[in-house]
Amino acid sequence: MIGIVGSGIAGFRAAKAILKSKADARIVLFGDETHRTYSRPGLTKRRYPSSAALDLAIAQDLTVKGIENGALTWRLGTRVDTADLAGKVLHLSTGEKFDYDSLVIAAGVRPRTSVEGGGECASHTHGTLRGVDDAYHVHRELQAGKKVTIAGAGFVACELASLAKEYGCEVVMLEALRRGPFESVLGERISSALRRWIVRNGVTFLAGDSAKEQLCDRSMVSTSARSLYIEAIGSVPNVEWLSGNGLDLSDGVRVDEYMRVPECADVFAAGDVARYPDPWAAGSSTRREFWKNAIDTGDLAGRSLASSLGYTAKVSGIGYFPSMATEVFGLRIQIAGNPQVSDSLEVVRGDLDRLDHGVLVKFLREETTVGVASMDKGARFNSVYIEMVKSLKAHAGSVLVS
Amino acid sequence: MKIVVDRVKCQNHGQCAISAPANFELGADGELHYRESFDEGSIDDIEDAIDSCPVQAVSFESR
């Protein structure tokens, strides 16, 4: 019996990989959400028309296919409260126990929040955005044209701001710690340029102390109608249920390059929660919260597990190379490699004051390229960008980042 | 088998063009162009392109 904790794309792909090696494998997949696996990036990618069954419409639109009905036992709406990895048993929120032979930990992350719990204060309806149910509430409020205040200026925050403007809402973004969007990834110069782009598109963007003043600790008293307040200030790995088993849970679940949990035979981890040896930076480990990372690590965890049971499966160390894309007010932003470890940048094409006309940037660390990025309303320099990514990937293995 | 891109879902993020540049390309205007047919040798690239799409717009379809 194989247990998979987490019904997101990493758990789904682990199951799919196991079934590919052993079509009649007995797998139970636990998810605390009530929806089958869906495309999480899709939650903030486009508007939905108003409808009475908006949650179902979103879930259906984004459902991931590729595992036939009946191949898996889905235990949705079921949380795993604790695990006894030595005794190989999970304790479920229903009070049941689940005995397994092999386990995949794909429990993901949850949004970081400044105040516990959701709910309402005098001024705001508070929320975060991670699952379909969150997205349903957010889309519904945005459809009503409510003003939205967004704490944070990362990927989720920027996509949400863009989406809210498309719905016709008034948008305020608060970045208390830094000066602009993506600053910790792309640096100050690009962050300032992106901030100008967002402001040009009608968002009120407050940074530093003026943002801090507007952050809501839910103690404000106001008589005005409640507006929407979404915190998008990062995430926290879901590992509490694993405590007491002697695992390294300092930042997610530590695994080896085959997604095996080293302290515990027959236990694997994948997706946003898994911290693995960085294949592109010898000696350091990495934990990524990207769609393709969840696919690659989930797939590998499934293959490693299948191989551990003696089934035929191709197993090789994780080779995920970071590459991602987002769109913010019509501006396509593509990022590859590890720009966050750079110490300088070089504008290869275009002008940072005119992002929408196309800009290519190289990020350097001691004169070696460690990351690249492209911003453009169209894709004028796309073939050059692809060559830059290719070259970065070819040389990345030799760059010691740690 | 051929490649199909769901034009309703596609938002021209261009991740497929990074995974499999022989079959996918973003034009200067940012619109995705692609070739349906591929040879067996590039199937890994195409599968990577399918997985890379953040909006699940790319898939195989049997002819």
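Predicted model: local features only at pLDDT ≥ 70, side-chain atom pairs only at ≥ 80, totals over all residues.
**Reading the A–B interface and a pocket**

Me: What area do chain B and chain A bury between them?

Reply: The size of an interface is often given as the accessible area lost when the parts come together. Buried area is taken with a 1.4 Å probe and summed over both parts. Chain B and chain A bury about 1,900 Å², 50% of it on carbon and sulfur atoms. H13(B), I18(B) and D51(B) supply 29% of the area that chain B buries against chain A, more than any other three residues.

Me: Which side chains meet in a salt bridge?

Reply: A salt bridge is a side-chain nitrogen of Lys or Arg within 4 Å of a carboxyl oxygen of Asp or Glu. The count between chain B and chain A is two. R13(A) and D51(B) form a salt bridge through their side chains, at 2.9 Å from N to O.

Me: What is the volume of the second largest pocket?

Reply: On a 1 Å grid over the protein atoms alone, a pocket is an open set of points where a 1.4 Å probe fits, with protein on both sides within 12 Å along at least five of seven lines; lining residues have an atom within 4 Å of a point. The volume, the space filled by probe spheres set on the points, is about 330 Å³ for the second largest pocket. Of its 20 lining residues, the closest to the centre are K45(A), S162(A), E166(A), E327(A) and G330(A).

How values were computed: Residues numbered from 1 in each chain as written. Chains lettered and ligands numbered in written order. Heavy atoms only, no water. Buried area = accessible area lost by both parts, 1.4 Å probe.
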